[in-house]
Structures are given as structure tokens and as C-alpha cells.
Amino acid sequence: MPTWVDIVKTGAYKEQAPYDPDWWYIRAAALARHVYLHKSVGVGSLCKLHGGPKNRGFRPSHHSPASGAVQRKVLQSLEAIGVLEHSSKGGRIISQDGMRDLDRIAVAVLESQREEDEEDEDDDDDEDNDDEDDE
């Protein structure tokens, strides 16, 4: 993670830097997922994706791209850990190791959500049984 992540804006359309101290990791996860879902992705398309409306005063807002440096540095850090690799056609693609890691993480998240849902259902059932006993 670069040293400038706590002071940089994520786009010219933003007024301040992100409030969340973990925004770099969230952006990295979002970019990894986007590259996973799309075959080959370049920095320009990611800038367009993460861009937003530029406040132009009383005039109508127009779309403004996100910072290319942020997107590029996140992609480079994902390449360094082996999740992404350069495509021969240009842009970045997901590597085999990266695909395996993202699949493993997705399964773990899905299982934890299922466990939480089951616990919530069990808690609801217990509350319903307590209500019937009171009557």
C-alpha cells in the first residue's frame, strides 16, 4: 500500500479524500472482482467505472472519471501478489492463482452468510416458542 493513500482523492470530482481508512483494500477487492467478471480490463475502463458526477455549480452535472493513478497502483499491487497478470491484448486479466483464491474467498463468505441466516432463523423460532408459552 502506498504512503499517500491517506491524503489522496480518488477522483477530480471528489472534494475530499475517503473517510474509511480501509478504502484501499475495498477498492482492490472491487477491482479484482471486476477483472474476474470481465475478461480483460484496462485502467481507462476502470476509471470510467469508478468515476462519478462532477459538481459544476448551478450547471448540470457531468460524468468525471476516477483517478487513473489510484486504479493503476491497485492493479499493480494485485499483480505483485499474483492475482492479476498482463494480457497479450492489453489490459489485465485474472491469473489462475487469482481465480482460485477469489473462488475460495467467495465460498467462505457464502458459508458464513448461510450460518448467520441459520442462527437468525433459530433465534426467531425461539422467540416464537416463548410467545406461545406465555399465552
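Trainee: Which residues does Ser64 touch, not counting residues up to four places away in sequence?

Mentor: Contact means that heavy atoms lie within 4.5 Å, and by that rule Ser64 touches Ala12, Tyr13, Gly51, Gly52 and Lys54. Before we go on, note that this is a predicted model, in which local features need pLDDT of at least 70 and side-chain atom pairs count only at pLDDT 80 or more, while totals for chains, interfaces and linings use all residues. Residues are numbered from 1 along each chain as its sequence is written, and side-chain values use heavy atoms, with hydrogens and water left out.

Trainee: Is Ser64 buried or exposed?

Mentor: Buried means under 20% relative accessible area, exposed means over 50%, and partly exposed is in between, with a 1.4 Å probe and protein chains only. Ser64 counts as buried because its relative accessibility is 9%, and Ser64 is found in strand 2, residues 62-64. Helices (H or I, at least four residues) and strands (E, at least two) are DSSP runs, numbered from the N terminus.

Trainee: Which residues of helix 3 are buried?

Mentor: In helix 3 the buried residues are Val70, Gln71, Val74, Leu75 and Leu78. They lie on the same side of helix 3 because they cover an arc of only 130° around the axis, the arc being that of the directions from the helix axis to the C-beta atoms. These buried residues pack against helix 1 (23-37), helix 2 (43-49), strand 3 (84-86) and strand 4 (92-94).

Trainee: What caps the N-terminal end of helix 3?

Mentor: A polar contact is a pair of N or O atoms within 3.5 Å; within protein, one must be able to donate a hydrogen and the other to accept it, and residues adjacent in sequence count only if both atoms are side-chain atoms. Here the cap is Ser67, with a side-chain oxygen 3.4 Å from the backbone nitrogen of Ala69. Helix 3 is followed by Gly82, whose phi is positive, near 90°.

Trainee: How many residues does the largest nonpolar core have?

Mentor: A nonpolar core is a set of buried Ala, Val, Leu, Ile, Met, Phe, Trp, Tyr and Cys residues joined through side-chain atoms within 4.5 Å. The largest one has 18 residues, and those with the most contacts inside it are Trp24, Leu31, Val74, Leu75, Leu78 and Leu84. Helix 1 gives the most to this core, with 6 residues. As for Leu78, leaving aside its neighbours within four places in sequence, this residue is in contact with Ala28, Leu31, Ala32, Val83 and Leu84.
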